[in-house]
Amino acid sequence: MTKFSDQFSGLSRRKFIVTAGASALGSILLKGCLGNPPEPTTNTSAGGASPSVVTTTPNEKRVEGIETTKITLGYIPIVESAPLIIAQEKGFFAKYGMTEVTVAKQANWGSARDNIEIGSAGGGIDGGQWQMPMPYMISQGLITKNKDGLPMYVLAQLNTQGNGIAIAAKHEGKGIGLKLSQGGHDYIKDLAKAGTPFKAAYTFPKANQDLWIRYWLAANNINPDADVSLLTVPAAQTVANMKTGSMDGFSTGDPWPLRIVKEKIGFMSALTAQIWKGHPEEYLAIRSDWVDKHPKATEAILAALIEAQQWCDKPEHRAELVAIVSGKSFFDVPPEILNPPYQGKYIMGDNQPEINDLKMGPLYWHDGIGNVSYPYKSHDLWFLTESVRWGFLPTKTLTDHKTIIDKVNREDIWKKAAKLAGVTAADIPASTSRGIEKFFDGKEFHPDKPEDYIKSLAIKKV
Ligand code: CA
């Protein structure tokens, strides 16, 4: 299948060497290769500032007056990046005229952060995949070399779910599941009292994985700042440390959970889909200077991403999706490791039942709650609120949240791109708020009352 995919990108390149009219042969080949291409659409943009579409073949919707055909987007080899890889490999970027997109694998989140500061002109990246609230932290200069910050725009959510909490095998049977038993709770507390605190890792501080493990611990009456030791460790190193017994837990994403279980290094304690169904996960964000300079190209990228997300979400495409992303040039993992999570199959540890439900795995378009791709401002607000909860951001962030979010979140561009991609009105959210969010411990986040959410939580730093 990888071969097929290589072959396809060859065709895809060839297609854009031929002139605007595109040869009949190219068109036929493309149609066959796209499998089940979306129905041809004429200009779907509803006037206003939306770009006009030139439809030259049923599969081509190149944006007129596109400022560039080139961008470099970074990704980390985990399921979150699949829509970016698929947009490239299945020709969706090319379809909208973005014929020179580079999806560039990043060694880790720190390198992605460094590369965005450098920009593609200096050999870095223009944008790509981010854990929240990294685009906000980068914009505000909290994690960049330049303390003035590098303004970024959040443009789409890449996925929901597909993440979880893995625990080292030696702790199996102690009651460390989604909901800690009294015994499991006391066990973790006792480790701290004995001077050997439970050590858990995430791959970048103050972002998703840090926030998920903190939420889960605190909901189980464990103070993440006092009762355990949390630290940043690259994924591969964490697994090695779990093997040797020096790491107790890991907040992680597919395909790591299954690798940990298969190699008997540890067990899955909780899925993020159990902690918060349909939770916000990772995002596409691009440097604001790039977007401001290339507004039509940005819409083209987003329209392609939206189509890729719709493609990724279809159960009948999952086998091909796995064949592509598991390939050497992308995740470089055996496809067997990716098949189960993509079917929503998880072996859970500590006597918890197995999970076998497609809707509990990584999702890219529909999660039964809202639109996965659309970047809800209410989700950005949750990340900012949770950051305030743990003292990562000052409390005044909540007073100023509207200004802060409006500067970074460009859901307006997503909406234009969705029209370009032919998304039906029913699938375009009418509100920037997804409404009240519900967590596994019964807590609720009301986006119009973030302060009340923090008040409702027993364990916090503010
Ligand atoms: Ca993740």
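Why does W212 count as buried? W212 counts as buried because its relative accessibility is 3%; buried means under 20% relative accessible area, exposed over 50% and partly exposed in between (1.4 Å probe, protein chains only).

The model is predicted: local features need pLDDT of at least 70, side-chain atom pairs count only at pLDDT 80 or more, and totals for chains, interfaces and linings use all residues. Residues are numbered from 1 along each chain as its sequence is written, and side-chain values use heavy atoms, with hydrogens and water left out.

**View 1. Y75 and F330 form a tilted aromatic pair.** Rings of Phe, Tyr and Trp (its six-membered ring) pair if their centres lie within 6.5 Å; planes under 30 degrees apart count as stacked, over 60 as edge-to-face and the rest as tilted. By this rule the model has 16 aromatic pairs. In the pair of Y75 and F330, the distance is 6.3 Å centre to centre, with 50° between the planes. Y75 belongs to strand β3 (residues 70-75) and F330 to the loop between α14 (318-325) and α15 (335-342), so the pair ties together parts that are 255 residues apart in sequence. Helices (H or I, at least four residues) and strands (E, at least two) are DSSP runs, numbered from the N terminus. Both Y75 and F330 are buried.

**View 2. W212 and W382 form a stacked aromatic pair.** Their rings are 5.5 Å apart centre to centre, and 20° lies between the planes. W212 is in helix α8 (residues 208-219) and W382 in helix α16 (residues 377-389), so this pair ties together parts 170 residues apart in sequence. W382 counts as buried because its relative accessibility is 0%. Ring pairs also link W212 and W382 into a cluster with Y215, W276, F383, F439, F440, F445 and Y453.

**View 3. Helix α3 (residues 82-89) is mostly covered.** Seven of its eight residues are buried, namely A82, P83, L84, I85, I86, A87 and E89. Just after α3, G91 has a positive phi of about 80°.

**View 4. The charged end of R259 sits over the ring of W256.** A charge sits over a ring if NZ of Lys or CZ of Arg is within 6 Å of the ring centre and within 35 degrees of the ring normal. For R259 the distance to the centre of the W256 ring is 4.5 Å. The charged end of R410 sits over the ring of Y153, 4.8 Å from its centre.
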